[in-house]
Amino acid sequence: MTLRRYYPQAMLDAVVSRATSDLRLLKPGQQALLIHVLSSSAYHDEQKVLEEFKPRLLSAALRLNPQQLAFIAGPYLSIKDSAGGLLEAVAESTRLQLHTCRPENLSRILWALSQAKPPHAALFDDAVIHLIRKLPDVSAAAIGPAVWAYAHAGRMEPTLWEAIANHFFESTSTQLENQHLQELRRLLIDTAPHGIETDVDVAKIQHRLRSVPT
């Protein structure tokens, strides 16, 4: 989910050694940024850093902003069995800050939390309206992980699915100018809600999506 930027491992070793020798050296938000850098750089000892930073990040989760929460959600998913309530804290902090949460950050958080057990129903419930409201400002690349997250969590919301399909593929004349639009079209076809009573004409929208030229 993140763009990989490779930093010399020796340089990262030096940074990690300093940051973990005195855990008060970095503020929680700075710890979140460092985790993001380590994760996107495929750092060889990332799990150790996650464990070292976990207690302070857990106590500060409600003070982290949505971008910082997005920085840590994915990495801590990799140790979800020992995350010690941190993913739950990320979910609650995100829910309380939805009004300031950019769609790309929310998508990344939902993507991570959809793979946790349970998938944090309150956040998924509240995020639907927020995502629909933000559609005019969001790209296909940013919304794709959210669609996948709802489908993976087994709770694809018909109103959200319809709003995304209509926003990005209003007609069959839509031109799939980039890979992200092509991937979103396929994702919407594959995740269409089934067996849910709704006013959304899922079959009709699916047919329109299939008719979009590739």
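The model is a predicted one, where local features need pLDDT of at least 70, side-chain atom pairs count only at pLDDT 80 or more, and totals for chains, interfaces and linings use all residues. Residues are numbered from 1 along each chain as its sequence is written, and side-chain values use heavy atoms, with hydrogens and water left out.

**The chain as a whole**

- The secondary structure comes to 11 helices and zero strands, where helices (H or I, at least four residues) and strands (E, at least two) are DSSP runs numbered from the N terminus.
- Of the 214 residues, 49% count as buried; here buried means under 20% relative accessible area, exposed over 50%, and partly exposed in between (1.4 Å probe, protein chains only).
- The accessible surface comes to about 11000 Å², and carbon and sulfur atoms own 50% of that area; such areas come from the Shrake-Rupley method with a 1.4 Å probe, and for residues only the protein chains shown count as cover.
- Taking contacts (heavy atoms within 4.5 Å) between residues at least 6 apart in sequence, 73% join residues at least 24 apart.

- Phenylalanine 124 lies in helix α7 and tyrosine 150 in helix α8, so parts 26 residues apart in sequence are tied together.
- Phenylalanine 124 is buried, with a relative accessible area of 0%, and tyrosine 150 counts as buried at 0%.

- Alanine 42 is found in the loop between α2 (28–40) and α3 (46–60).
- The phi angle of alanine 42 is near 55°, a positive value in a residue other than glycine.
- At 40% relative accessibility, alanine 42 counts as partly exposed.
- Helix α3 has 15 residues and reaches 20 Å from its first C-alpha to its last, close to the 21 Å expected at 1.5 Å a residue; the expected span is 1.5 Å times one less than the number of residues.
- A bend of about 50° occurs in α3 at lysine 54, and proline 55 follows within four residues; the bend at a residue is the angle between axes fitted to the seven residues ending there and the seven starting there.
- The buried residues of α3 are Glu46, Val49, Leu50, Phe53, Lys54, Leu57 and Ala60.
- An α-helix has 3.6 residues a turn, so residues three or four places apart point the same way.
- The cover over the buried residues of α3 includes α1 (9–21), α2, α4 (66–77) and α5 (86–96).

**Salt bridges**

- A search of the whole structure finds eight salt bridges, each being a side-chain nitrogen of Lys or Arg within 4 Å of a carboxyl oxygen of Asp or Glu.
- Aspartate 126 forms a salt bridge with arginine 95, with the closest N and O atoms 3.4 Å apart.
- That pair links distant parts of the chain, with aspartate 126 in helix α7 (residues 121–134) and arginine 95 in helix α5, 31 residues apart.
- Aspartate 126 counts as partly exposed at 34% relative accessibility, as does arginine 95 at 27%.
- Glu92, Arg95 and Asp126 are linked in a network of salt bridges.
- Arginine 102 pairs with glutamate 104 in a salt bridge, the closest N and O atoms being 2.7 Å apart.
- Arginine 102 counts as exposed at 52% relative accessibility, while glutamate 104 counts as partly exposed at 27%.
- Arginine 155 and glutamate 157 meet in a salt bridge through their side chains (3.3 Å, N to O), and arginine 155 is buried, with a relative accessible area of 19%.
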